[in-house]
Amino acid sequence: MSSANAILVEQIDAVLPQTQCGKCGHGGCLPYAAAIADGEAINKCPPGGDTTLHTLAQLLQRPLEALEQPAEAPQLAVIREDECIGCTKCIQACPVDAIVGAAKQMHGVLEAECTGCELCVEPCPVDCIDIIAHPQWQAAHDELARQRYLNARAANGRARHRARNARLEARKAALTDKRMARLKQRLSPAKADSRAVTSTTGTPADGSPTVSTTGATASAATSSSSRNSALIARLQHKLSRLAAEDPKRHELEQRLSDLQQSTHAVPQQTRQLKMALAAAEQRRRLAERHLQHCYRQAGPDEIDAAKQALEQARSTEQAARAALEQSPSLD
Ligand code: SF4
Ligand code: SF4
Ligand code: SF4
């Protein structure tokens, strides 16, 4: 994004009401601001209503259009606490972390933080959330008080939504770390098995004179795939020359089967590690972009959270790269 476009997105975002409701068809106000800067219609924000529409038309020098959906007055979610079963689905849906509660316990909405976005209503399995007119809006009896309320809601909504996004990013990065650790753990014994199989099957009990077994230790791990391929070919050739009732046949078949399994295991593990690295790189790039965004638009707390998320993403990427470098490569 060019810096001129980034400034325009900021200006548009500053006009939007920050309920983060998604009724414009985007995942929040900032993505809609970016879409408007790219040419999308300006009439899709019901919480902003006519005021936001007029301001946007003026800012962008665009003609006025009718609102796509009816304008909405500020709202508040209220949980009927005696009916709440504490499933936490509403907490997961709330874009501004305005719901408090723990699993299997009664939940409540923080009145000052709720933007009235309604996103908690649909996931509630017992339909115990009501949407009412926001009391602070109703209590505002003049234009100044109404504007003060809307400004506070927008500032809160923006800050809390970004803080939540940074927290979710950090959690995703931590989960990726855990997955990487589990993957490495799974990989270690497999590598040991692979070396063991190479070592035993390389023993020339079948009279094979050309396959060396002395190097089947650490260095054999990296070239085990090609060595095993040569061994497999030799064993298959030997088996084809043995009579069906030959007593050596069973032993050779067993050895061939072990060898084929270990040879296929290595590329599969390597592919998994490559995918994990690609995912970690992607996550790091997203975290970098998010931090740049925070530097431009967010406060110190969000910048710190974004920095932490980036650090975690970088260490995950390092771990993924190290795991891949240590794995036997695809031949
Ligand atoms: S308030 Fe809702 S509809 Fe308006 S821009 Fe934000 S997310 Fe979109
Ligand atoms: S409590 Fe419900 S209505 Fe209020 S901000 Fe959260 S999700 Fe939106
Ligand atoms: S979704 Fe409904 S039942 Fe579940 S915790 Fe929230 S209010 Fe309670």
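**Basis of the description**

The structure is a predicted model, in which local features need pLDDT of at least 70 and side-chain atom pairs count only at pLDDT 80 or more, while totals for chains, interfaces and linings use all residues. Residues are numbered from 1 along each chain as its sequence is written, chains are lettered from A and ligands numbered from 1 in the order in which they are written, and side-chain values use heavy atoms, with hydrogens and water left out.

**Overall fold**

The protein contains nine helices and four strands. Helices (H or I, at least four residues) and strands (E, at least two) are DSSP runs, numbered from the N terminus. Read from that end, the order of elements is α-α-α-β-α-β-β-β-α-α-α-α-α. The protein has 331 residues, of which 39% count as buried. Here buried means under 20% relative accessible area, exposed over 50%, and partly exposed in between (1.4 Å probe, protein chains only). Among contacts in the protein with a separation of 6 or more, 66% involve residues 24 or more positions apart; a contact means heavy atoms within 4.5 Å.

**Surroundings of the ligands**

A residue is near a ligand if one of its heavy atoms lies within 4 Å of it. Ligand 1 has 14 residues around it, and those that come nearest are Cys-21, Gly-22, Cys-24, Cys-29 and Cys-45. The shell of ligand 2 includes Cys-94, Cys-114, Cys-117 and Cys-120, together with Glu-118 and others. Around ligand 3 there are 13 residues, with Cys-84, Cys-87, Thr-88, Cys-90 and Cys-124 nearest. The table divides each shell by class, where Ala, Val, Leu, Ile, Met, Phe, Trp, Tyr, Cys and Pro count as nonpolar, Asp, Glu, Lys and Arg as charged, and the others, Gly among them, as polar.

| Shell | Nonpolar | Polar | Charged |
|---|---|---|---|
| Ligand 1 | nine residues | four residues | one residue |
| Ligand 2 | nine residues | two residues | one residue |

Glu-118, one of the residues around ligand 2, lies in the loop between strand S3 (108-109) and strand S4 (129-133). Glu-118 has a positive phi of about 75° although it is not a glycine, and with 29% relative accessibility it counts as partly exposed.

**The largest pocket**

The search for pockets uses a 1 Å grid over the protein atoms alone: a pocket is an open set of points where a 1.4 Å probe fits, with protein on both sides within 12 Å along at least five of seven lines, and lining residues have an atom within 4 Å of a point. The largest pocket has a volume of about 680 Å³, taken as the space filled by probe spheres set on the points. It is lined by 29 residues, and Leu-30, Asn-165, Arg-289, His-290 and His-293 are the closest to its centre. Two or more lining residues come from each of H1, H2, H6 and H8. The lining comprises 10 nonpolar, 10 polar and nine charged residues.

His-293 belongs to helix H8 (residues 248-297) and is buried, at 11% relative accessibility. Apart from residues up to four places away in sequence, His-293 touches Leu-30, Arg-162 and Ala-298.

**Helix packing and an aromatic pair**

In helix H2 (residues 29-37), the buried residues are Cys-29, Tyr-32, Ala-33, Ala-35, Ile-36 and Ala-37. They pack against helix H1 (3-15) and helix H3 (49-60). Just after H2, Gly-39 takes a positive phi of about 115°.

Leu-183, in helix H6, is buried with a relative accessible area of 14%. Beyond its neighbours within four places in sequence, Leu-183 is in contact with Gln-272, Leu-273 and Ala-276. The C-alpha atoms of Leu-183 and Gln-272 are 8.6 Å from each other, although these residues are 89 residues apart along the chain.

The whole structure contains one aromatic pair. Trp-137 and Tyr-149 form this pair, which is tilted, at 6.1 Å centre to centre and 55° between the planes. Rings of Phe, Tyr and Trp (its six-membered ring) pair if their centres lie within 6.5 Å; planes under 30 degrees apart count as stacked, over 60 as edge-to-face and the rest as tilted. Trp-137 lies in helix H5 (residues 135-139) and Tyr-149 in helix H6 (residues 143-201), so the pair ties together parts that are 12 residues apart in sequence. Trp-137 is partly exposed at 22% relative accessibility, whereas Tyr-149 is buried at 8%.
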